[in-house]
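Work through the following exercises with the sequence and the model open side by side, trying each task before reading its solution.

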Amino acid sequence: MTASRLASRHRAHHSPAVTTRTGQAQRRPVPSQPAPSGRATSATVAAYAAAAAALSNALVSAYWALGGRGLISTVGGYVTQFAHQKRAAPVLLALGAAAAKAAGGLLALALVRPWGRVIPRGWLLAGSAGASALLLVYGGLNVLLGALVLSGTIHPAGSVDRTALRWHIGVWDLWFLVWGILLALATAGYWRRTVTGPPRDGAANRVNS
């Protein structure tokens with residue numbers, strides 16, 4: 001037996017084949033990996049953008065917790081008051097906020113990074129959906145209420161720090177709103193990507209037969 005015949009038999013033995021109704025074996029084409037869709041790509045971009053929004057916000061909180069005072073006056077309210085107090089409670093509170101925001105960044109990355117597969121799908125979906133809903137409600141309501149106050153539609157009792165309010169509408173609360181939108185898009189993409197797995201062998205055989 002020649003070497004070419006041996007090679008032909010080896011290829012025929014190892015190539016996938018299906019048996020048709022006439023009993024004749026046909027080689028089954030090996031399916032190629034599908035190209036990533038536009039939705040999957042946009043969801044991946046949204047996940048990384050959500051992680052960037054979360055981690056950068058965490059850095060700002062950590063900066064203030066460690067004694068930084070830049071832009072602290074633009075926040076107003078109790079945050080500015082706590083910043084001028086030399087106590088441990090405000091520092092721990094700011095560090096806790098920074099840690100929570102950093103965890104939110106890791107949550108967004110878990111939706112697209114391979115190490116996120118160790119987290120059960122239901123837990124990851126529930127956590128990311130709940131976090132995105134919280135961010136959307138918090139950021140959206142604050143931006144809306146702040147805009148209504150600045151426009152004169154709502155007249156709150158007491159004095160209003162209009163400079164801080166503008167910063168909340170344009171930066172701080174809008175930051176949470178955008179973060180929530182990005183995380184919601186990433187969560188939806190993760191759900192679409194994992195709701196159905198690859199076709200089973202039995203189903204593939206029925207299609208090819």
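**Exercise 1: the buried side of a helix**

The buried residues of helix α5 are L124, L125, S128, S132, L135, G139, V143, G146 and V149, where buried means under 20% relative accessible area, exposed means over 50%, and partly exposed lies in between (1.4 Å probe, protein chains only). The model is a predicted one, in which local features need pLDDT of at least 70 and side-chain atom pairs count only at pLDDT 80 or more, while totals for chains, interfaces and linings use all residues. Residues are numbered from 1 along each chain as its sequence is written, and side-chain values use heavy atoms, with hydrogens and water left out.

Solution. Begin with the assignment: helices (H or I, at least four residues) and strands (E, at least two) are DSSP runs, numbered from the N terminus, and α5 covers residues 121-150. Just after α5, G152 takes a positive phi of about 90 degrees.

**Exercise 2: the accessible side**

Task: decide whether L145 is buried or partly exposed, and find which residues form a nonpolar patch on the surface.

Solution. L145 lies in α5 and has a relative accessible area of 42%, so it counts as partly exposed. Patches are made of residues with over 30% relative accessible area and no salt bridge, like charges being joined within 9 Å and nonpolar side chains (Val, Leu, Ile, Met, Phe, Trp, Tyr) within 5 Å; a salt bridge is a side-chain nitrogen of Lys or Arg within 4 Å of a carboxyl oxygen of Asp or Glu. Under these criteria V137, L141, L144, L145 and I154 form a nonpolar patch, with about 420 Å² of accessible area together, the areas coming from the Shrake-Rupley method with a 1.4 Å probe and, for residues, only the protein chains shown counting as cover.

**Exercise 3: tryptophan geometry**

Task: classify the ring pairs that W172 forms with W64 and with W175.

Solution. Rings of Phe, Tyr and Trp (its six-membered ring) pair if their centres lie within 6.5 Å, and planes under 30 degrees apart count as stacked, over 60 as edge-to-face and the rest as tilted. A search of the whole structure finds five aromatic pairs. In one of them, W64 and W172 are 5.5 Å apart centre to centre with 65 degrees between the planes, which is edge-to-face. Because W64 lies in helix α2 (residues 38-65) and W172 in helix α6 (residues 162-194), this pair ties together parts that are 108 residues apart in sequence. Both W64 and W172 are buried. The rings of W172 and W175 have centres 6.1 Å apart and planes at 15 degrees, so this pair is stacked; the two residues are three apart in α6, and therefore separated by about one helical turn. Finally, W64, W167, W172 and W175 form one aromatic cluster.

**Exercise 4: a serine in α2**

Task: determine which residues S61 is in contact with, leaving aside its neighbours within four places in sequence.

Solution. S61 is placed in α2 and, at 7% relative accessibility, counts as buried. With those neighbours left aside, the contacts of S61 are A94, A98 and K101.

How values were computed. Contact = heavy atoms within 4.5 Å.
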